[in-house]
Every structure is written in structure tokens, then in C-alpha cells.
Amino acid sequence: MDPECSRLLPALCAVLADPRQPVADDTCLEKLLDWFTAVTEAGSSLLLLQENPCLVELLFHVLKSQDLSSRILSFSLRLAGIFAAQENCFQYLQQGELLPMLFGEVGPLGGAAWTAPAVRSGWIQGLRTLAQHPSALHFLAACGAVDTIFSLQGDPSLFVASAAGQLLVHILDLAMRGPAEGRRSLQACDWPACAQKIVGHIEDSLCSTAIPQVTQALSVLTTAFGHCHGLWTQGLWVRLSPLVARLLEKDPVPASHSLVDLLLSVARSAPSSDRGLWETLAQTLSHLSPTQAGPLALGILKLQDCPQVLRTQAFGILLQPLACVLEAAAQAPGPPGLLEGAAGDSMTVDTLLSSKSACVGLLCCALAHLGLLQPLPQRPSPWPQAPLLGAAVTILRLCSGSAAPTSDVGGRLCAILVGCGRVQRAALDFLGALSQGTGPQELVTQVFSVLLEYLVSPESSSMVLKKAFQATLRWLLSSPKTPGCCDLDPHTQLFLTELLPVLQKRLCSPCWEVRDSGLEFLTQMTRHWGGQAGFRQALLASEVPELTKQLLRDPESYVRASAVTATGQLSSWGLCASPECPGAQQESLLVELLHILSTDSEGFPRRAVMQVFTEWLRDGHADVAEDAERFVAGVLQAASRDLDWEVRAQGLELALVFLEQLLGQRGSHCPYAEALPETAPPGVLAQALQVLCRVQLFEFAFRALFDCDRPVAQKSCDLLLFLRAKAAPCGGPQEAGDSPNVASVEATLQRWQAGEQGQPLGYLEPGAVVALLRSVDLEGLRDTLAESSDHVEKSPQSLLQDMLAAVGVLGENEADCY
Amino acid sequence: MKLYCLSGHPTLPCNVLKFKSTTIMLDCGLDMTSTLNFLPLPLVQSPRLSNLPGWSLKDGNAFLDKELKECSGHVFVDSVPEFCLPETELIDLSTVDVILISNYHCMMALPYITEHTGFTGTVYATEPSVQIGRLLMEELVNFIERVPKAQSASLWKNKDIQRLLPSPLKDAVEVSTWRRCYTMQEVNSALSKIQLVGYSQKIELFGAVQVTPLSSGYALGSSNWSIQSHYEKVSYVSGSSLLTTHPQPMDQASLKNSDVLILTGLTQIPTANPDSMVGEFCSNLSLTVRNGGNVLVPCYPSGVIYDLLECLYQYIDSAGLSSIPFYFISPVANSSLEFSQIFAEWLCHNKQTKVYLPEPPFPHAELIQTNKLKHYPSIHGDFSNDFRQPCVVFTGHPSLRFGDVVHFMELWGKSSLNTVIFTEPDFSYLEALAPYQPLAMKCIYCPIDTRLNFIQVSKLLKEVQPLHVVCPEQYTQPPPAQSHRIDLMIDCQPPAMSYRRAEVLALPFKRRYEKIEIMPELADSLVPMEIKPGVSLATVSAVLHTKDNKHILQPPPRPAQPTGGKKRKRASDDIPDCKVLKPLLSGSIPVEQFVQTLEKHGFSDIKVEDTAKGHIVLLQEAETLIQIEEDSTHIICDNDEMLRVRLRDLVLKFLQKF
């Protein structure tokens, strides 16, 4: 601890111990604890206490004081825990009987302060930090803390209850981890008393008829198996698994969620040879209701090593609801469904038909689980792609009312599902995920037809429509290319001709979310297919490009931004131009985007314009390439005045692209690459510098260097460093450095740095620029910028000063408040 | 209690309820779908329509070619359009006491009923219903009268001939009862019989029942009706909406505790959500106009058009349509737009508060002010000078058979740039378009029907819990085209009773009580006797006086003054000179004590048998049998009157008398 902090500490302790002095806020106390943790990790706690007796005095004082706030009491408990984590310091505090007074029954535990959740939480956290060594275990046993922790598991404050459970696991782990661990047998009777007590408590809770107790026990065990990796956990499972299995005999199974969590936690940590465990899992799968079993089934399928039989059973659980739907909606007994031989399980059917919420919940979970499983390498194989596609299409049709099931169950399902947005969204997501696989052409046609149905239907809500667009895009992009031909296959081509009129209508929707998702869809589609003749032809024959351009004036800024991106993309592929006068159209788009950049009141469209411009410049867009210099000058001028830092940062990105085009690529984009950018040949450089001066790139970059937003300044710094490296061979430092021009520019820069950015830099000669690049300490600036913005104020000294200043102990309030 | 169902149309109902001694007609809707069988009436001479070929029978017989014309495979009657009236034969309509009107769409048959059936009663309706109903009738009369048609077709209605016609003419029902439109004179006369009422106003009908209009949330002044006597309540729900549109919200609470709830006027398009349809309407409108096309919206001059204009008010600027003119063409356009602004008390809360700012409650006022919306009585006159394209035209009639819309269909039908958007759900758009085929213009169907859908009905029924629900048969099964959609029908317990046209339903509840007033002086004379704690009885002798369905118990007339002139001590002496009344008995006979008493009085050899209803006491010696049951005691003995009287007196000892 530095001396200045040691000097301030007594005053701070006095403030903390004084109930009349309000402490600034909880954040200060948290920071103080963080600081003490860091200090004790770096050195001896004992020494710290001996050198700063005020700390122990504070702890004693807290015990005596009646009217201290619960925050300070909680803070003190945690502080004591931090000190006592080191065994010698623990002994030191024990000598003063301080710890029993803080954590024992004579302490806050028995007093009025205990009613505050903050105090109970502080007590637990203090013990959690403290319990690091065998002495701590003895202490816990001696002061009866474990019983208190048991009772806190049911605390009304969820934070306290959860922390209590975690503390129990921590103590158990500490007790079992000791030096004897390796030798300790799996027989529970050999376990230390403390562990015996905790495990005994868990056993009692598991046998309890009160569900909260069972839940507590299960969550403690889940934490134990999730976080502790000692051999002893296997012994624990051997001892407790019969009790867990007994829970399955009850109907309904109590605390099923927690049980699933526990079993998965055990399965992840147990060796794959544990047959008993797999049997328990299989038994659980068959005992739980379809809704409860879903998460367990998914968890099992995600396990790396797991018997095939169990995996098949688990997959069956996930497929069951979809199998029921397929069966119910089938017009006639058709091809084998999802589950060969097994008709729709009656329990699943009952759940589906019991109520709307149960049906929706079960289907959404099944769809989400299968969607999560689909891309995983360990997904079941063979993956029933075709029946799953069929199920997704059927569910979507039931939801839209276009399915006409003949069976009674199908009719009732239809009545429940029709118009249900939640299931529609889940099914569309799932259908999108299935696009990664293939399917029989007939089914793929059905997929496109149901997607089109959703895109057309006025009843599709904006969220459903967004999902439908996303799924359509995925399917379109995954559609097979005709062999030997680079163009779209005939099915896709046909679909496009049906899709574009729908997109047209959606772009005119009164709901802005719909217009926005339509534009996003168009952008993505164009990005991938801009070069495909079939797509180009269909798009140009439609009104879509014209409508997209009209949306640049949309009242909603998000839509304007999406329209900017879409038109930018269309224009990149030459899809904006009308056949009559292509040049005029393009130019007007550039002018229109520049107009948006300089006048739009919202940030999103302006950011989008900058992105489009950067892309255009990078890709050598015809109209930009025509007069890139004028283009860059115009854009930088507009961006430099922008109030949105992201626009300015994007301006620097554009400037960098321009630089690279003039001077060659940066050596490597890897920030850790040691090689500096190669220098440019002097002739090229001189010319480039002339150009850069003409487009006033330096004024823009230097202004950005002192930008009040750090990312902008950092980006500018990087850009100038790159330029300096490129310009290395260009003249000696003294050549231009002494000219009056440079001096005045440096003076201006200093003023800018001080915050006065009104004055312009004026025209710079290339020579002056090179001199400036050398004279400005760009590395230093980069290092400063790399520090977090509060690095000055984050020092412990500053923290202590702030806290003292807040209560007026320090004479003047100089410190920042934050 | 009976319900006579005069109309089979679920949203244009006409039912007669016989309740107590009253005969109440519930709505009189006019089914105008019959007009779809007729050729359109063009406002400007249409060579296309006048040159349509006549229709001839398969064998080449062309005797009907003057009456029937063929267009794109459909056959139409070339005559003044006719309407299908409610049944007039099922019940003598001159006996109808009152007609209750729910909303302006459900009163279009009123002149036929009030002017031609001997009806002498009163019609009850809210002011907006009457005013807007008048506008609708005025528009209808105007549309038809301004295109006089010399020809009137009647040959085809002959039953033998009708059979030979192609569908749908072949299947048209009751064609012989179809009638031409009424005249303005008849409209005025019919409307003069209306008495205006306000929401929650209680109207006594002959002292027998009380009727009350309740806000139904569907249209300006639209109402449901509660019809109740002292002990029974019938609720009539017609055209209600739970959506937040311009009218006052629906009053659901007042429908509670109904014995019967007659449910009509649900949405005609249960699968279309009005919000989605409005979105669809705007998208298509914008798409057409942006491409330089015109949009035609066939509509009624009131109702949904207010909401559409409000949506467009918010939408047109954002969609960059500010420069596009919107035209509203109807003989009553001006009145409709103005009326809507003055019925503040009938509007939803938001719109009501605007009036106090003061601002016009509907934003179409601003559209008119800024010249974005222009209205004209017809296409002739000013409109032809102002007409600019592309534009959006709102005009009637939604059947596309008469009104200015016919002109626009002829004008714009040939170009695929133009679009007709159907928003009114009353007519099948395909049938409406049939005489205009082949048609190049785009057709969009966005029916906007804000009336209750089946989910809302099911919630409503759960909320108000009527004992019985009565509804048109169409609501008790899924729509024929979607037979698997069991969610598109009324689902309630007990199942709803359904009716169809020309059916008489006996409503499933019996009246059990009637309220009778008792005059104070008579009440004063009663001497109640407590039979058991909390229950007292008294005998009443009085005269029941019934007048205007009110029943009053009055003291009986005094007997002729006896000549002796004896002074009366008590009012109860004032008993008329009638038969001496036997006292009333109450109580029960304890068998054991009764047997003991019998023994005490010398009877022996007594046997008691338990029966299902009580006991039988056998006096074997006297060959007598006493049958004691809960509400009767019989003494059966052979012609021994003395013995019977003795036994009777013993029985009476155990009973109370009063």
C-alpha cells in the first residue's frame, strides 16, 4: 500500500465508523473492497493490519456501534473475510476474538441488523472469502455457522438464498479437498464431520415433502457437480443417487426443473462408464411430462459420450410433439413419420390439446431445441431432415389456417394454433435452420410455398414477417446451383418472380418494421446475387429498385438507414440505374446520399451513408472512381462536421481506404504483426501527399486526433501512424519543420488539444504534413488513448480522496464525482 | 316467448320477439346481395353494357334475351335492381308494437315494413343511427332514381323459367318477393315514426317490459338492446365491436344476467384482422399510386370510411403521397363528413375530449382544409373540373351495381395500373366484379369488419354468462369453405339455439313469476303469522286489478251496508260476504305421539307401516287406514262419518291453523 493511501486510511475508517457521516454510495464500498482484495493478494494481510491498526479498530467499532447502517455492517463483514482468508491473519484476528464476534451468534446474527438482506448477504460473502484453509473449517464448526447457512437457503431474498447454497458447496469442497483427498475412499463414512453434516442435510432435504427444500438440495448438488471436480463428487453421487431416483417415483415429479439441471450437471462431470447414471437419466426421461423432459433430452443429446440407446430415447422426446402434429394433420396414413412405428404418444397429444398455453409452450420448446441441435456436430444421425421439414411446414400451415386436417386431433390443434405468433416465429426460425440440409424437391417446393404464403399474408405480424424474410433468405441462398451453369435454378427463378411483387407491397407497408425488414432482405439478397443474370433481370423488371430509392425519404430513420444500405448495394451492382439514362440516375443517387449525410437529423441514416461510401470507394464503384478525389473531399467535409462519433469514425475508415489505394495496403491487419508497413516509393508518395492535402484529409484526421470521443481519436492516431510509416523516406526532419507554416499549425493543434477547435488548420503543404507527422508524439498519444478513460481517477488514492471529500473531510472538493 | 326469424342474413337481421304481451321487432336489415344478379346502372351511357348479348336457352330459345344479358359467362338481369325483403308472411306485421334499431346498416328495410304492412307502432333508434341511416337511404334512392330504367324484368322470376336459368339466378331464393327500391317519400314517412333514444335510457313498453339501448361500439350510435321485465331479461346483441375505433366503447356489463341472449351481427370475415387489412389497404393504395395508377374504393358513405381516412391522414405524408388527391363522391358525402363531427357524445373518449379543445374529433376535417380530401355529390359538375390523376376515389355503392362507382369501373377497368380495393365485407368481391369482366385493373380484397370475432364472442359469453344463447345457424358450424376451422363457430354451454329464415323458435325458458303490487290499506290489514323462524304467512282476500300490464291487489269492495248498522271494530272484519274460508293448516304429524293419542282415545291394535312417502297407521279393529304423507293426510274408513270426524279432529290437534 502506498504511503499516501496509508495516510488517508485512518480518516476514512473514522468516516466509515461514524454513523452520522453518510457514505457516498455502494459503488465506493465495492471499489474499496476490490482494492483491499488486490492489496491482500499482493502481500500479507497480517502485515497490512499491523501497519494500519485503524482497520481492526474499524471492525471492533462496527461491532459496538448500535446505529450503523446495514451497508457498513455488510462491508465490514466482507472486509473481515478478505483479511481472514490468509491463515496467519485469520489466527491474528482470532486472538482478538473478532471473528466469532462478527460471524458467531453474538454478532449481527442475533441482532436487529440481521433483518437487512444486505447484512445477511455480507455475512455469507465474508464467510465465503474466509473459508480458504482448514482453520476456517474448525471455526465454522465451532461457531455453528453451518446451521445458519442451512436456514439461509430458504431466505426470502433470492440473492441471499442462492449465495447460501453456493457457500455450502464451497465449504463441502474445502472440507473434502484437504491433503487427504487422494487417499480418501468413496465411502461416505470416512468423510470429515463438516462434510458429513452438509451431506446429511442434503439427504434430509431430498427426502422432504416440501418442494422448496427439495429444490434447494438439488440446486446445491447442481452447483457442486458443476464447479467441483474432485474425486469425492463421485462418492457423493454414489451416496445420493438412490435418493434422487426416489424422487422419480413421485407423481408429479417434484422440482423437475432443478432435477433436470442436476442430472445434466452430473452427466457432464461423470465418467461415461457410469451405467447407473444413464439408467437414472433414461428413467427420468420417461417419468417427466413432455414439457419437462424437453430440456433434459436436449442436454443429453449435447453430451459428448453417451450411450446410443439413451440418445435415441432423448431424440424421441424432442421429436414427439412434431410427430404428433404430423400424424394429426396427415390427410391419409402416409409415409412413415418422424418416429418409426411409434404413433403419437398419447401423453404428448394430451399435453398439446390440454390448453393453448401448454400446446404453444411444448411446440415452441421442441422447435427451439431441435433448432439448437441441428448445427451441432454431435446431432443425432441419421438426422430426419425430410420429416422435420414436413413438420415445420405443417405447423406453419396450421398456424396460418391453410392446413385442412381431417382428424379430430388435427382440427383441435388447428383451432388452438391458428394465428399464434409465438409458434409461427419459432417454426420459421426452425425452418430457417433446416435450410442447412437438403430435402426432397417436393418438400422444398412446399417450404417455398409456405414461406411465400407467410410473406403474402396480411395477417403476418411484423415480427413473423421478419422471421419469414430471414428464413426465405436462408433457403434461397442454400438453393442448389444448376450444374454447369452459374445462374439460378428454374425453381428459384420462378419463386423470385412471385416474391418480388410481395416485396414491393411490403416496402409500402404502413408499418415501419415491415418496410425495414423488407429492405434488409433486399440488401442481403442483392449482396449474394447481384451478379446473377436471372436475379438482375427479375429485379430490374420490378418496381423494387424505384421503391427502395423512394424510401430514402421515409419518415422513420431506421427505414431510411436500411434504404441507404439497400440502394448502395443495388447501385454497386448497377441495379439502380434505369435503362434510359444510367449516368443521370447514378449521379443523382450519389448526390442524394450526400444530401442525407449532410442534412439528415438522425444518426442511423448518416452512418449508413458513410458505410455505403466506404464500400463504394473500396470496391471501385464506377461513379466514385470517376473522380475519387472530389468524392473523398466532399464526404470528409460532411463527416467532419457530424455530431455523431460513429459517422466521424467511419469517415476515418473511408480516409484509410483512400490512403491504401494511394499508397498501397497496410502490411498486415494483424495488430500484433511486428512488420511495419512498407514505405512507399518517393515519387508515389509525393503525389499522394499532394492529393491528400487537396482533399483536406489531414485537417480531418488531425481534428479527429483530438476528438472528444476516444474511438475516433484512436482511429485517427492509427491512420496517422500508418501514414508516417509510409512517409518515412520523405525528407529529413529539419527540412520543413522549421518553416513558419509548421509552427503555426502546431500552435493550432495545441489549441485543438486544449479543446478550442474553432480555428481551421488552413491549407497544408505536403512538406509541412510530413514534418507535423514527425513532430506530433503519436505513439504517446496512442498509449494515452489506450488507457481507459477513468485511469487517472481509478487509483486507490483517488478513491479514498473521493470518499473523504464526499463527506467534507478534505478541505476542497477537487476530485471528480463519478 | 317466441322468436320469429324474418331474415336469414346473420348481419342484416330482422327478428320479431314476442315477450309477455308485447311484439317487438329487432332490427330490419335489408339484404342487398340480390342486386348482384342485376346489370350495373351506368351513370354515363356505356356502349359495353348496352351491347351485351341477350341470353338464350340451350335449345336456342331466346324469349328471355331482353331480360337477361350475358357477360363473360355470367348471366345478369337487365332491369332496375331489386332487394330481398324480410319475410312478411310469417307473422302479421301490423301487430308489431315497436321496432328496435341497432345501427344504421340494420334499418335499411324500414320503409318496406312501416309503409306497407299496416304497422302502427313506434320505432326506437339513437340519433346518429337515424341521421346516418337517412343518409344511406337517401344515397340508395338517389343512386337508383337518377338512372331511370324503362325496363322491368319479371318473366325470369316465373318458377318454371327460373329452374332453367344458370346459377346463381337458378338458386336465388324468394325471387317473387324481391322489391324495387323505395322512394324518398316513403323514407321520410318511415323515419317520421322513429322516436330518438339515448344510451341507457329506459323505455317502458305498455308497462310490460322495459327496453334499453346499450352502446355496442360498432358504429356511431350503434346499440345493443336489453329487454327486461321484472323477472326476465332478454339481451339482443347486434353489430358490436371491442376494437378501439371512433364510436363509444361497448357496454358489456349491462348484458349480464340475461336469460336469453340473441346474438347476431358478428364479423363476416372472421379470418381477417381489421388492423392487418388496414395495413394491406395502405400498402396497395400506395403501391398503385406510386406507379401512376388510380385507386377506387367502393364504400358506404359512413362507417369504416371515417377510420380509413384517419389512417390515411397519418400515412399519406409518411408514404410521400401528399400530392395525391383523395376524392369522396356521394350524394351525401358532405353531410356524412359533417355529421360525424357533431355527434361528440356518441364518440370514443379520445375523440370526445378533442371537442373541448376545441378541435374537430375526426382528422378528415384537416384533410378537407388542406385540400387533400375533396368531396362531391356526383361525378357531374365540379368534380369533372377538379379531377386529376393519379388519384384515390371513395365512392358507392359497394355492390358495384349502381352509384358513381360504376362509372369509375368502366373508366379504369381497362388499365392494369389501376386498382380497386374492396373494404366493405357485405358483398362477395368476385360476384361484384362479374359484370365488368374481363378486367385488367388489379383487384384487392381487404374487408374491414370491426364486429366481434369468435374469440371475442367466446370471451364475451364467459363474461356475461347468459342462460341461453340464440343465434343464426351460420354461427353454429364452421364456414362451409373451411369446415376444419372449429374455432370459427360459437362454442358455449349449453349449445346455442340456432335459427334460420322463416323459422319460429320457442325460446327455452318459462316465465315463473309476475310482480303484483299490493295497496297500502290492504297491506295494513294483513296479519302475518310466523310459521317457522323467518317465515311468516298471511291470507289475503283481495281483488286483482290488471291494467296496462300492471297488477294491483286492491281491498275487496265493501259489502252492502247492513241495515242494523253495527259498529265495526277492526279492519279485518271488512271481509266480503263470501264463503267462509277453511283455515289453512301447517306443521307435521309426529307418528309416535299420534299413535299414543289414538290409544289414549280408545283405539287399539294399531299398526304403523313405513311407506316411501310417509306412514300408514292401520286401525285394524276399526278397519280404518290413516295415510300420512308430507303434504296430505287421508283417512279411509267405510262410511263411518263419525269415526272419520273423530280421527280428523285428532289429526288436527297436531297441526297449526291460521
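**Exercise 1. Which residue just after helix 16 of chain B takes a positive phi?**

Solution. Keep in mind as you work that this is a predicted model. Go to the end of helix 16 in chain B and look just past it: Gly602(B) has a positive phi there, of about 95°.

**Exercise 2. Find out which residues of helix 16 of chain B are buried, and where they lie around the helix.**

Solution.
- Step 1: Locate the helix, which covers residues 591-600 of chain B.
- Step 2: Pick out the residues with under 20% relative accessible area, the cut-off for buried. They are Val591(B), Phe594(B), Val595(B), Thr597(B) and Leu598(B).
- Step 3: Look down the axis of helix 16 of chain B. The buried residues fall within an arc of 160°, so they line one face of the helix.
- Step 4: Recall a general rule that helps with the spacing. An α-helix has 3.6 residues a turn, so residues three or four places apart point the same way.
- Step 5: Now turn to the other side of helix 16 of chain B, where Glu592(B) and Lys600(B) are exposed.

**Exercise 3. Name elements of chain B that cover the buried residues of helix 16.**

Solution.
- Step 1: Search for strands that take part in the cover. Among them are strand 29 (606-610), strand 30 (614-619) and strand 31 (624-629) of chain B.
- Step 2: Look for a helix as well. Helix 17 (641-653) of chain B is included in the cover.

**Exercise 4. Describe chain B as a whole, starting with its helices and strands.**

Solution.
- Step 1: Count the elements: chain B has 17 helices and 33 strands.
- Step 2: Set its radius of gyration against the globule rule. The value is 35 Å, well over the 26 Å that the rule gives for 658 residues, so chain B is more spread out than a compact globule.
- Step 3: Check the extent along the principal axes, where the C-alpha trace of chain B spans about 115 × 70 × 55 Å.
- Step 4: Look at burial: 51% of the 658 residues in chain B are buried.
- Step 5: Finish with charge. Chain B carries 58 positive and 70 negative side chains, and the centres of these two sets are 2 Å apart.

**Exercise 5. Which helices and strands, how much burial and how much surface does chain A have?**

Solution.
- Step 1: Chain A contains 43 helices and 0 strands.
- Step 2: Of its 818 residues, 52% are buried.
- Step 3: The accessible surface of chain A is about 35800 Å², and carbon and sulfur atoms account for 55% of that area.

Key. Residues are numbered from 1 along each chain as its sequence is written. Chains are lettered from A and ligands numbered from 1 in the order in which they are written. This is a predicted model: local features need pLDDT of at least 70, side-chain atom pairs count only at pLDDT 80 or more; totals for chains, interfaces and linings use all residues. Side-chain values use heavy atoms; hydrogens and water are left out. Helices (H or I, at least four residues) and strands (E, at least two) are DSSP runs, numbered from the N terminus. The radius of gyration is taken over C-alpha atoms; the globule rule is 2.2 Å times the number of residues to the power 0.38. Buried means under 20% relative accessible area, exposed over 50%, partly exposed in between (1.4 Å probe, protein chains only). Lys and Arg count as positive and Asp and Glu as negative; His and the chain ends are not counted. The place of a charge is taken as NZ of Lys, CZ of Arg, CG of Asp or CD of Glu. The arc is that of the directions from the helix axis to the C-beta atoms. Contact means heavy atoms within 4.5 Å. Accessible areas come from the Shrake-Rupley method with a 1.4 Å probe; for residues, only the protein chains shown count as cover.
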